[in-house]
Amino acid sequence: MKVLIVNTLYQPFKVGGAEISVQTIAEGLHKRGIDVAILTLGKNEEEVYVNKIPVYRLALKNVFWPFDQVDQPKVKKLKWHFTDIYNKKYNTSFLKIINEFDPDIIHTNNLMGFSVSIWDIAKSKGIKVVHTLRDYYLQCPKTNKFKNDNCEKQCMECVCFSVIKKTKSQSVDSVVGISNFILKNHLDKGYFKPSAKKVIYNGFDTTKEISLKSNFKNQTFLKFGFIGQVNKAKGIEILIQVLAGFRDYNNWKLYIAGRVESSYKDFLLSFLPDEKVEFMGYVKQETFFNTINVLVVPSLWEEPFGRVVLEGILSNVPVLGSNKGGIKEILSNNSKFTFNPLNEDLKNTLKLIIENPKELNTFNFDMDYIYRLFSLQSMIDQYIKVYEELKN
């Protein structure tokens, strides 16, 4: 079987967890003897191999490269998103790569920059399409449905930008959600009506040993950790503002890992004294989890999955997680440690832990549950089954 995996970015380019997950799928399929190739975007066109997998990288055909966090004029951004509704500029390249690799299945993931035009090219060649929902690109050009708060309904701008995407989604043969939440969110809005439907959680290396329990004492110093994009949507403002109410407790400190602009850093520091918070900058995941002993994931936006939650658990760190999006599914056997970040839940959860750290010893490190739902083997098995059902 030959599978062409399509994703906006691929190693060495990365924005978030999607790129890690897509690479994990590609390399997992390759190890199982499936012929895999990657179609992705870059600043220049090239054909390379990454860990023995061929990568076709096309130069972005739009008005600017949007992944380096450089702010652009509003008019320029509007033009970028308008072009991205249905971008035909790649069609010749798509056809060339498809003819050269000759896939049985085209598996699309994040499509920002490519647009949904690739689905039509696949259909024109009679190739089955699997699409994995990893963000809200099909509903919102910003991909996150978040302005100052979660968007309860589509604004007129998003309706206009998404109508073609919604129509084209009906041609996808099989749609996969990385959580029940993100799949249902699209289905409820009329996407993918005739498609086969499946939830396949992101897969992780579950072979490393963890102690399966915590050993907190009431005298334990709490090293709370936040890692990821440091912005309002990820809940960092809410977390710091709530922790400010516990500044007089001397048994905790907050460690923040991730790049942050100096002006935003100053804003966040206005809530807490320097000795209560440390900005670590960009650090390796291992360094971060070796520093902290409690992970806090206070996301305000509806996370499609919440990869960092599993990364925390597999690093033997208990997790306090927002109940937004897919996070609550990962923590379904630890609902005691989930909270609504927009009411008193977060405050009450932190108060419980700060005043009685031993509560963290009740966090459930259930490896049977994790292996069943979140192992690499489980994920790869399920994707192969989806491919085979379409191929046959």
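A residue counts as buried under 20% relative accessible area, as exposed over 50%, and as partly exposed in between (1.4 Å probe, protein chains only).

This is a predicted model, in which local features need pLDDT of at least 70, side-chain atom pairs count only at pLDDT 80 or more, and totals for chains, interfaces and linings use all residues. Numbering starts from 1 along each chain as its sequence is written, and side-chain values use heavy atoms, with hydrogens and water left out.

**View 1. Ser115, a buried residue with positive phi.** Helices (H or I, at least four residues) and strands (E, at least two) are DSSP runs, numbered from the N terminus. Phi of Ser115 is near 80°, and this residue isn't glycine. With a relative accessibility of 0%, Ser115 is buried.

**View 2. Asp102, an exposed residue with positive phi.** Is Asp102 buried or exposed? Asp102 is exposed, at 52% relative accessible area.

**View 3. A cis peptide bond at Pro12.** Look at the link from Gln11 to Pro12: this peptide bond is cis, with omega near 10°. You'll find Pro12 in the loop between strand S1 (2-6) and helix H1 (17-31).

**View 4. The chain around these spots.** Zooming back out, the chain has 14 helices and 14 strands. Buried residues make up 55% of its 392 residues. Its C-alpha trace spans about 65 × 50 × 40 Å along the principal axes.
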